[in-house]
Amino acid sequence: MSLFCFHNRSFVLTKGAFIFWLLAGIFFNESQAASLEELLPQLAERTFPAKQAALDSLATSNDERVPAILTALAQGELYLRSVNPIIVIGQPSTPGNLRLIDPLTQRDLGEVGASSSKKITLNNKMRTTLRLALAVWHLNDANPTIRLAAAREMLGENNPTVLQALQNQLARESVVAVRNILVIALALPQLTADDAVNRLKAISVLANNLYPEARNALVPLAESDPDPSVKSAAVKALSSIDRQLTWSNRLETLFFGLSLGSVLVLAAIGLAITFGVMGVINMAHGELIMIGAYTTYLVQTALPSWLDYSILLAIPAAFIVSALFGILIERTVIRFLYGRPLETLLATFGISLILQQLVRTFISAQNVVVQNPGWMSGAWPINPALALTYSRLYILIFALAVFVALLLVLRRTNLGLAVRAVSQNRAMARAMGVRSARVDVLTFGLGSGVAGVAGVALSQLTNVGPNMGQAYIIDSFMVVVFGGVGNLWGTLVAGLSLGVANKIMEPWAGAVLAKILVLVFIILFIQKRPRGLFPPRGRAAEG
Amino acid sequence: MESNSLIKKLIVSTYFAVSLGITFSSQAAEETIKVGVLHSLSGTMAISETTLKDTVLMLIDEQNKKGGVLGKKLEAVVVDPASNWPLFAEKARALLEKDKVAAVFGCWTSVSRKSVLPVFEELNGLLFYPVQYEGEESSKNVFYTGAAPNQQAIPAVDYLMKQGVKRWVLAGTDYVYPRTTNKILEAYLKQNGVASNDILINYTPFGHSDWQSIVSDIKKFGSTGKKTAVVSTVNGDANVPFYKELGNQGLSAADIPVVAFSVGEEELSGIDTKPLVGHLAAWNYFMSVDSANNAEFINTWHHFIKDERRVTNDPMEAHYLGFNLWVQAVEKAGTTDTDKVEQAIVGLETPNLTGGIAKMLPNHHITKPVLIGEIQDNGQFAVVWETTGTVPGDAWSDYLPGSKDLEADWTAPIKCGNYNTKTKMCLGSTAK
Amino acid sequence: MLKAMRGDRGGQALLVLLIITLIVVPVLNLGLPTTHPWHVSTYAVTLLGKYLCYALLAMAVDLIWGYLGLLSLGHGAFFALGGYAMGLYLMRQIGDRGVYGNPVLPDFMVFLNWDRLPWFWQGFDWFAVALFMALFVPAMLAYGFGYLAFRSRVTGVYLSIITQALTYALMLAFFRNEMGFGGNNGLTDFKDLLGFSLQSDVTRIGLFIASGLALIGGYLSCRIIVTSRLGRVTVAIRDAESRVRFIGYRVERVKTAIFTFSALLAGLAGALYVPQVGIINPGEFSPINSIEIVIWVAVGGRTTLYGAVIGALLVNYGKSLFTAVFPDAWLFALGGLFVLVTLLLPRGLAGLGRSREIN
């Protein structure tokens with residue numbers, strides 16, 4: 001106890017004292033210092049300490065209009081109107097306009113241009129205050145997800161009023177997940193109870209959960225509890241928690257690795273077609289990814305109010321735009337260079353320079369903003385110590401989907417048959433009536449289009465700027481070569497395994513050394529198997 | 001025989017074209033004062049540096065509208081060192097030797113500055129360097145108008161300590177600026193009673209894009225119950241994926257605030273800032289600061305660049321200050337001669353855009369206010385704290401064992417960049 | 001030696017011009033006052049010196065690409081290693097003139113709190129050791145790499161990609177500050193070479209002449225190789241590797257030998273390059289740099305040796321020129337040049353003369 005308390009004193013005291021004050025206002029209906037009408041304008045004070053004071057008073061006010069105001073403040077929807085300045089709630093209506101509502105009277109003040117009101121700014125301290133205040137109100141919200149988040153926020157509080165509120169909620173709570181966390185929140189303070197029996201009981205409640213607050217609170221008991229039975233129970237609980245933590249860490253590492261691998265697969269899979277199947281060393285591949293990412297940006301800019309869906313629209317758009325660029329490159333340059341792979345490298349390197357500069361000249365030398373749609377933000381909690389981020393999860397699934405789609409195209413369609421025929425033996429395929437020139441165009445377009453689709457996914461994770469293509473080109477080549485040129489399965493296995501290997505090594509080697517080791521491994525592996533994991537078979541292999 | 005002569009002709013003509021082109025470039029003989037602009041317009045650094053090129057062009061334009069300097073118009077000589085460090089040195093030499101520029105405004109990365117430094121010293125040119133940097137350097141020929149570590153890093157850490165932060169993650173890109181800054185901060189934190197196991201130091205390569213493990217480590221490090229903050233010297237492109245990962249893994253600024261020294265308005269304009277709201281940055285200038293000077297500067301910038309959405313940032317202000325100080329110094333000296341300007345400029349003052357006065361110090365750094373801002377959802381910063389008055393830039397950190405006795409003073413009688421206050425001599429030139 | 005040059009009109013012209021330049025430029029630089037219209041500025045001398053180093057590097061690539069059919073996308077690594085070896089020597093020559101005045105440790109080690117010189121820095125205060133290492137280290141790396149790769153018959157694009165992996169891995173490694181080579185900043189702020197100040201015109205001219213002589217020497221030795229029996233086997237390997245192996249030649253030995261020699265030339269170029277540009281940093285290892293070298297060769301025309309020299313001079317001059325004249329748009333010009341040369345001049349500029357020959 002003592003150690004824990006010492007470390008947390010300032011934190012717990014301030015947070016606890018504040019909540020006590022807060023709840024005192026709510027539950028015991030104490031008289032308030034100032035009316036809402038007086039307090040509200042103070043939120044527009046110039047300095048943060050003045051705003052903080054106003055917020056503190058607001059949070060303890062028992063005026064029923066306050067929750068709506070503070071919710072608006074937390075969501076950045078509270079404004080100071082410039083003409084006839086009063087504080088208003090502004091909700092975005094049509095683009096560039098705000099619908100203003102008077103928070104005191106709920107009166108609709110009409111629609112105005114967004115620039116005619118000034119947003120009430122917050123700092124971290126105010127945000128923390130708001131979060132706690134809202135959590136208290138949200139503890140009995142109708143939506144169980146909100147209740148859960150509110151209860152999570154209360155974890156580690158040992159203030160009697162908070163505990164009372166938790167207790168009250170527990171009595172009427174019906175959702176199991178929320179009940180569980182309420183039980184934990186109530187058990188945590190019992191760890192410091194004077195009675196060893198209570199401490200033991202609390203330990204048994206906390207023994208199997210992975211909330212960091214629980215583990216932190218158990219550590220001092222395991223180290224120095226006066227009661228030996230409590231101490232040994234705490235030690236046992238800790239070791240069980242740590243065992244579970246080890247497993248969730250392993251799972252986390254695996255997920256991180258697969259996610260990194262899926263990015264590599266996405267970046268490389270277009271190249272697996274243009275380079276692997278057609279033998280074109282396409283140094284402009286990275287720039288085709290970049291074009292896909294910029295297409296996402298343009299689609300998002302064109303449809304600002306459709307943020308959640310525009311990314312789905314961007315996928316076909318990016319495919320088409322990049323494919324068209326690819327076809328243009330194929331028609332104007334690459335078709336003159338078939339059979340001379342090393343020269344395609346030079347020409348496409350020139351093209352990559354041109355494409356980069358095109359973006360700098362016509363869009364901007366700076367990076368552009370690509371937003372994450374709501375459903376791709378945040379994480380999916382598996383347990384309190386392990387959460388899979390949605391963006392990574394969707395991209396992993398997306399990478400697999402692209403892979404399967406490509407595989408089907410190459411295996412099940414006439415185009416795929418023709419592509420395989422031309423790549424294996426161009427002359428023979430022509431003799432059999434395959435129009436090889438048309439197949440070349442379509443194949444290159446397909447590979448480029450897939451690069452564009454990869455750009456859509458990457459735009460969700462990283463920078464969208466003129467240099468983004470450069471960051472992926474080398475890794476892409478490594479993946480294709482490691483997997484075996486001309487083999488889509490090879491690309492998939494190579495990408496995922498390199499990703500996982502990288503992430504397993506990263507904790508002890510560091511990010512840079514892990515990457516170096518992976519590269520050295522690839523170099524040595526190629527010596528052992530000069531044609532990659534899945535070497536091409538048959539005559540094509542002689543080339 | 002004809003073919004052979006063709007080859008010969010080809011070789012001869014190439015060779016002469018190249019050698020003649022290099023040796024005898026035409027020299028314009030107009031009566032202008034030339035100003036060199038040495039910022040990368042292509043390659044990895046173009047993202048940051050093109051804006052600074054435009055800033056210098058704007059400043060020159062404005063000055064010419066006011067009648068130029070010493071009755072002569074200013075003429076910009078823009079070159080592209082293409083984010084290639086040896087090319088920086090080559091271009092610097094070309095500007096000084098071929099174009100005979102009176103002063104150069106340029107460089108962003110430390111390595112580009114290190115690369116051109118010997119050239120400026122050899123040819124006795126003037127360089128105005130506008131970016132916050134690691135310190136540990138003072139050259140007669142360079143004026144450091146960006147922040148030294150004591151004008152950015154230390155005040156930021158002070159602020160967080162006052163906010164109750166007890167555990168520290170020092171995350172940076174693996175190069176000299178983060179390494180030095182983190183060394184200084186580590187020493188400073190330990191002096192203030194922070195235990196070694198409450199400090200986590202992490203380095204990543206340039207352009208690092210996969211932050212999953214590191215953010216997860218930060219999360220674990222910060223879940224011990226003590227208030228934790230991240231001091232980020234992560235550079236440039238790596239920031240976007242870093243902040244995206246922070247947001248996605250649910251680390252909000254209220255849990256674990258990140259204070260960054262390399263993320264400004266320009267960088268934020270390429271990020272969706274909603275998940276970042278509340279994270280901090282320490283700079284000497286924010287676009288959001290409400291002052292008449294700043295409003296005019298922003299207005300001029302928008303007018304010049306013909307785009308209302310473009311932002312202004314700290315290195316732009318640094319160029320603004322450096323340029324104004326240089327103009328004043330040239331007017332005061334009555335000439336563009338390097339030595340005379342270098343002597344005239346020390347002690348000159350010009351108003352900051354955020355209020356207060358920037359003064360050129362004898363160590364070639366300037367005085368600056370330090371502002372801490374929190375990121376808002378519109379990509380701007382709200383100032384949450386600032387120093388009272390300005391902080392003088394310190395070339396040599398007081399917290400590093402190698403440099404705490406060193407001082408730079410380019411005025412008589414010391415006149416050197418690494419004067420040892422204990423041994424009373426300039427280490428570089430006289431030590432045996 | 002004369003035999004090696006017989007029939008190589010382009011090479012003869014090149015050598016004559018080089019020799020003339022090596023005489024004329026120093027005279028015009030040192031002999032004339034700076035105000036004289038015929039004066040060659042020191043800027044021009046260092047720039048020419050730098051181009052000559054690039055030309056030597058391009059020739060090294062042409063030797064293996066043109067004559068052996070190996071496209072190395074990692075030759076920048078050998079160049080940079082040679083440069084680092086010379087850089088270490090130059091760092092040691094700074095002595096106590098660094099900003100901290102430490103007589104043993106370079107500045108970057110002082111502020112990273114290193115207490116002594118790492119073992120791999122030992123011996124680099126002797127010029128001979130540094131020069132030896134500048135050749136030996138790249139050669140050994142190439143030998144080891146070639147021994148493994150050629151024995152297991154890694155060819156074509158696979159070889160190209162793993163040479164790229166090699167230089168990329170080295171770049172990441174040298175970026176690490178723990179490596180002890182100055183991290184991202186690399187090695188810079190050099191003062192003396194063999195006791196001569198690097199900032200004096202005489203030293204610059206000396207380095208310029210040394211680069212020119214190295215290029216001439218490199219050219220002659222490459223010619224000797226390609227006109228020898230070894231050279232004919234080399235070309236045979238390029239054209240039909242399996243047949244040469246069946247005839248009974250140890251193909252991998254020939255390949256390793258030529259590859260190693262090429263790396264040695266690249267290392268020499270790097271060693272001469274560093275004192276002239278004044279900095280060596282991990283950026284030199286970047287795969288893009290190595291691709292650029294290949295492009296110089298392609299522009300000039302491969303399998304001619306002198307074509308590589310023309311390409312290196314022309315592309316780099318173009319770069320210097322365009323980056324100053326069209327700073328915003330020069331990448332269009334450069335990119336367009338690469339595309340057009342590949343499409344219209346598959347054998348490069350040198351091929352221009354020879355295609356007429358066929359007609």
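# Questions on a predicted model

Colleague: What is the handedness of the crossing of α20(A) and α7(C)?
Modeller: This is a predicted model. In it, the crossing of helix α20(A) with helix α7(C) is left-handed.

Colleague: Which class has 16 residues in the contact of α20(A) with α7(C)?
Modeller: From α20(A), the contact draws on residues including A:V512, A:K515, A:I516 and A:L519. From α7(C) come C:Y158, C:I162, C:A165 and C:L166, among others. By class there are no polar residues and one charged residue; the 16 are nonpolar.

Colleague: Which element gives the most to the side of chain B that touches chain C?
Modeller: Here 51 residues of chain B are in contact with 58 residues of chain C. On the chain B side, several elements supply at least two residues each, among them α1 (2–23), β2 (73–79), α3 (85–98) and α6 (176–191). The one that gives the most, with 15 residues, is α1(B).

Colleague: Which strands are the edge strands of the open sheet in chain B?
Modeller: The sheet has seven strands, in the order β7-β6-β8-β9-β10-β14-β15, with mixed pairing. From one strand to the next, the twist averages 25 degrees. An edge strand pairs on one side only, and two strands here do so: β7 (199–204) and β15 (381–386).

Colleague: In β9(B), which residue is the bridge partner of B:S232?
Modeller: Start from β6 (residues 167–173), joined to β8 (residues 228–233) of chain B by six bridges in a parallel run. Across that pairing, B:V169 has B:V230 as its bridge partner, and B:A171 stands opposite B:S232. β8(B) also pairs with β9 (residues 258–260) in the parallel sense, over three bridges. There, the partner of B:S232 is B:A260.

Colleague: How many of the six residues of β8(B) are buried?
Modeller: B:T228, B:V230 and B:S232 point one way from the strand. B:A229, B:V231 and B:T233 point the other way. Both sets are buried, and β8(B) is mostly covered, with the buried count at six.

Colleague: Is B:C107 buried or exposed?
Modeller: B:C107 sits in the loop between β3 (103–106) and α4 (110–123) of chain B. Its phi is near 75 degrees, a positive value in a residue other than glycine. Most residues other than glycine have a negative phi. Because 29 other C-beta atoms lie within 10 Å of its own, B:C107 is buried.

Colleague: Does B:N124 count as buried, exposed or partly exposed, and why?
Modeller: B:N124 is in the loop between α4 and β4 (127–129) of chain B. It is not a glycine, yet its phi is positive, about 55 degrees. Buried takes 20 or more C-beta neighbours and exposed takes 12 or fewer. B:N124 has 13 inside 10 Å, so it counts as partly exposed.

Terms used. Residues numbered from 1 in each chain as written. Chains lettered and ligands numbered in written order. Predicted model: local features only at pLDDT ≥ 70, side-chain atom pairs only at ≥ 80, totals over all residues. Helix = DSSP H or I, 4+ residues; strand = E, 2+ residues; numbered from the N terminus. Contact = placed C-beta atoms within 7 Å. Left-handed = near helix turned anticlockwise from the far one by under 90°. Nonpolar A, V, L, I, M, F, W, Y, C, P; charged D, E, K, R; others polar. Pairing = 2+ DSSP bridges. Axes fitted to C-alpha atoms, helices over the stretch in contact; angles between N-to-C directions.
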